[in-house]
Amino acid sequence: MNKILRNFTYILGTVAVLLTSSCSDNIDPEVTSLNADRLFSPINLEARIVNKTSVRLSWTNNAKADSYTIELYAEDSLQFSGTPVQTIPGVTAENLPYVIAGLEGETQYSARVKAVGESITESKWSGVAFKTDAEQIFQNIIPEELTATAVTLHWPAGEMATNITLSPGAINHTVTAEEIAAGAVTITGLTGETSYTAKLMNGTKTRGTITFATLIDLGGAIAVHPEDDLQALVSEANNGDVFALYPGTYNVAAKFTVGKSIAIKAVRPNDKPIIDGYISIEDGAALELKEIVLDGTLSEGSQALVFNTATGFGDLKIDGCEIKNYSKGLIYINVAATIESITINNSIIHDVVCSGGDFIDNRAGAPKVITLTNSTVYNSVSARDFIRVDDKSSSFAGVTPTITVDHCTLNGVANTSNRLLYVRFKGNKITFTNNIVTNTGAIFSNQSSTAAPTFSGNNYFNAPGLFTGGSATSLIFDDSATSLDPGFTDVASGNFKVSQEDIIYKGIGDPRWLK
């Protein structure tokens, strides 16, 4: 029995030694390189459309590759059938990203890339599919060729087209050989003060798209010239009157009173009339300003627009305007007034200092809707809050203000750790999307009553307080935003044209600077 145990113990020990030796022998050494008999296929291949009909191809460079070959297939989606429309050999790492220009618009393409090297087999292909955008060969409209009922459209002479469509109205114009040779056509029978979209077609392919608004039809408006007394005319107005201002400066002293629901519009949007002074909105009026310059040089230290009566107001609409040189702010509500909506679109606002007041400043009223879109604010709101809505909910049952800021460019606003959103009115809802905010020490809000906004698609540069960790006092941050330098052309002169490719590609900020 003891002999059996001794033999069994010996066998176990031998097996243990063998197992240990075997495990040790099978441990692979650390892999420090990977040798292959052919190049690896390009990875992270991406296609990005630029300038409508060009594609930007990028991929991770392989240090062992001497060059790359690109093949491009039209009307193809990763099938790579037939003959490529382009074969591009000899693309090097220095050429990346590689741009292929001059493609057809609205066309499905596939591109594939392989790595090539000396003394090693070329890689297999990596492929990507993409579709170009519609072409844009329309040229800018010449202002003198746009009226209330007609427009002349231009494109490069000789470029082929079959027809032009306009909407609304389902207008379809067949392009003649003479019009193709001239690269121009005049479309008549349009309606005044209407926004049209025109498309230049070549069969089923779009070659150009342009949007324009016809001029005001003076047949239904009150024509006003700079030598007229604008204040006297407005004081005698009826609700619904439209005032069409010819170019020039309208000196209305410090205060211009609007007590009726009216619209004030430019006769020629390319030569905007100037109202010098501030506007006092009274007696429940609604006001529309379109393509007007408001200049506060003579405003005697006021805000640009002031609600001055404790009552219910209609809509305040500001579209295509320039507002400048006001010391206290843009909009002021310090009376127990309800305002159906405040809408600012496609406007440039600058040199609105906000000394002693906030930019949009509600102290005692109830604006139901505040919307700021497609606009630029700069050299303004240096040391105050951007949007202020104090809590007067106890005086306005059922009102829950809705605030939207979308596709705007804001430079240097609220720049001393002040708030972009000082909103305390109960039930407030806020959307803040697709905006560029730059060069500011601002925070979003340090108020628990400010609703957490819906954030999406924003970019903040040199604005640390808008990100987590950038402020010890803020309660709201937007870490979904990017922090790219937009590469503005000239901030000092108010030129915020963007050069940063990703921002342009994603369409962030005021659209006027992305073209």
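A disulfide is counted here as a pair of cysteine sulfur atoms within 2.5 Å. In this predicted model, the sulfur of C408 has its closest cysteine sulfur in C321, and because these two atoms are 14 Å apart, they are too far from one another for a bond. The sulfur of C354 is likewise too far for a bond, since its closest cysteine sulfur, that of C408, lies at 15 Å. A search of the whole structure accordingly finds zero disulfides.

Both C354 and C408 can also be placed by their accessibility. C408 counts as buried, at 0% relative accessibility, and C354 is buried as well, with a relative accessible area of 3%.

Side chains of opposite charge can pair when their charged atoms come close. A search of the whole structure finds 21 salt bridges, and among them is the one in which the side chains of D502 and R48 meet, with an N to O distance of 2.4 Å. This pair links distant parts of the chain, for D502 belongs to helix α4 while R48 belongs to strand β1 (residues 43–50), and the two are 454 residues apart. On the side of D502 the residue counts as partly exposed, at 24% relative accessibility, whereas R48 counts as buried, at 10%.

Another salt bridge is formed by the side chains of R207 and E135, at 3.0 Å from N to O. R207 lies in strand β13 (residues 205–213) and E135 in the loop between β7 (126–131) and β8 (151–154), so this pair ties together parts that are 72 residues apart in sequence. R207 is buried, with a relative accessible area of 11%.

## A network of linked charges

The side chains of D358 and R388 also meet in a salt bridge, here with 3.1 Å between N and O. The pair links distant parts of the chain, with D358 in the loop between β26 and β27 (360–362) and R388 in strand β31 (residues 387–389), 30 residues apart. D358 is buried, with a relative accessible area of 1%, and R388 counts as buried too, at 13% relative accessibility.

## A negative patch on the surface

On the surface, E227, D228, D229 and E236 gather in a patch of negative charge. One of these residues, E227, is found in the loop between β14 (222–224) and α3 (230–235), and E227 is exposed, with a relative accessible area of 65%.

## Backbone features

Most residues other than glycine have a negative phi, and most peptide bonds are trans. Against that background, a cis peptide bond joins L96 and P97, with omega about -5 degrees, and P97 is found in the loop between β4 (86–91) and β5 (98–100). A cis peptide bond also joins S167 and P168, where omega is about 5 degrees; P168 lies in the loop between β9 (163–167) and β10 (171–174).

S119 has a phi near 60 degrees and lies in the loop between β6 (108–116) and β7, where S119 is exposed, with a relative accessible area of 84%. D351, although not a glycine, has a positive phi of about 55 degrees, but D351 lies in strand β26 and counts as partly exposed, at 26% relative accessibility.

## Two further positions

N346 has its place in the loop between β25 (338–345) and β26 (348–352) and counts as partly exposed, at 33% relative accessibility. The C-alpha atoms of N346 and A213 are separated by 13 Å, while the two residues are 133 residues apart along the chain.

R512 is found in the segment after α4 (501–506) and is partly exposed, with a relative accessible area of 27%. Between the C-alpha atoms of R512 and A221 the separation is 29 Å, for residues that are 291 residues apart along the chain.

How values were computed:
Residues numbered from 1 in each chain as written. Predicted model: local features only at pLDDT ≥ 70, side-chain atom pairs only at ≥ 80, totals over all residues. Heavy atoms only, no water. Patch = residues over 30% accessible without salt bridge, like charges linked within 9 Å, V, L, I, M, F, W, Y side chains within 5 Å. Areas by Shrake-Rupley, 256 points an atom, 1.4 Å probe, with all protein chains shown as cover. Salt bridge = Lys/Arg side-chain N within 4 Å of Asp/Glu carboxyl O. Lys, Arg positive; Asp, Glu negative; His and termini not counted. Charge placed at Lys NZ, Arg CZ, Asp CG, Glu CD. Helix = DSSP H or I, 4+ residues; strand = E, 2+ residues; numbered from the N terminus. Buried < 20%, exposed > 50% of the residue type's maximum accessible area, 1.4 Å probe, protein only.
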